[in-house]
Amino acid sequence: FPSHDKTKAYNQILTLATSSVPQVKRMATALLSPTRTMESMLRAWHLGMGAAVRDTPTTLSEKDVERRLRLTLEEFLELVNHSGFTIISNVTGEEIAKDLRLVPVPGKEQNLIEIADGLSDIVVVCLGHAAEHGIYLEPVFNEIMFSNGTKISIDGVKRINRYVDSETSLDCNVNDPRAVLLSPSDPVGKILKPETYIKADLKTVLDEQGNEDALQTTFAFDR
């Protein structure tokens, strides 16, 4: 299936490709490359966001391993929810990911071969899941990466969620009586989406694949 190049997010990436900021221009150019792959798009976006990208197999710190595992878990729980299922636990929904404790096993080292195997298995399972749904995943992935790219402003400046004075909008201390968060619903330090951010238009992408809204199936499970 051809990559979908008609959405607002794609057009915003065209704009970012004109940026005078080198890392922003490089990211947008990579996302637009006719030879792009899922991996090249993801790596380009990571570089644009200032996230880690390595060229050789490397073990990570315990903190970074936990962060990546928690991200994977959160995405899995979201998939469970949107598939009409829930997980039986002492807590429900997205709170499960926050409630679980990921504890490193003393004396157990990271095995890069097994890690690579496990990550590949997850990709295989995800691609198989999409195939059973009749979804061609690469155009979906492309649209999501275009949308992710719009999280970066054309000037390359990141908006960090922080406390500002409610009257002057200048940075201030959390204890200042007029202190407010730029985005109260997000944690302090989170990179906020710029006004130019565009949500992925997945309905249009799926419509091109023959979606007739039949995917909006609801389930009534008797447990």
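**Entry: ground rules.** I number residues from 1 along each chain as its sequence is written, and side-chain values use heavy atoms, with hydrogens and water left out. Since the model is predicted, I take local features only at pLDDT of at least 70 and side-chain atom pairs only at pLDDT 80 or more, while totals for chains, interfaces and linings use all residues.

**Entry: helix 3 and helix 7.** I looked up helix 3 (residues 38-49) and helix 7 (residues 137-149); helices are DSSP runs of H or I with at least four residues, strands are runs of E with at least two, and both are numbered from the N terminus. The two axes come within 10 Å and cross at roughly 10°.

I then listed the contact (heavy atoms within 4.5 Å). Helix 3 contributes M38, M41, L42 and W45; helix 7 contributes L137, E138, F141, N142, M145, F146, N148 and G149. By class I note eight nonpolar, three polar and one charged residues. Ala, Val, Leu, Ile, Met, Phe, Trp, Tyr, Cys and Pro count as nonpolar, Asp, Glu, Lys and Arg as charged, and the others, Gly among them, as polar.

**Entry: salt bridges.** I count eight salt bridges, each a side-chain nitrogen of Lys or Arg within 4 Å of a carboxyl oxygen of Asp or Glu. For accessibility, buried is under 20% relative accessible area, exposed over 50% and partly exposed in between (1.4 Å probe, protein chains only).

D55 and R43 pair at 3.5 Å, N to O. D55 lies in the loop between helix 3 and helix 4 (62-82) and R43 in helix 3, twelve residues apart. D55 is exposed at 74%, and R43 is partly exposed at 34%.

D171 and R162 form a salt bridge with their closest N and O atoms 2.6 Å apart. I read D171 as exposed at 53% and R162 as partly exposed at 32%.

D165 bridges to R178, the closest N and O atoms being 2.8 Å apart. D165 sits in strand 2 (residues 163-165) and R178 in the loop between strand 2 and strand 3 (179-181), 13 residues apart. D165 is buried at 7%, whereas R178 is partly exposed at 34%. I also find D165, E167 and R178 linked in a network of salt bridges.

Conventions
Axes are lines fitted to C-alpha atoms, for helices over the stretch in contact, and angles run from 0 to 180 degrees between N-to-C directions.
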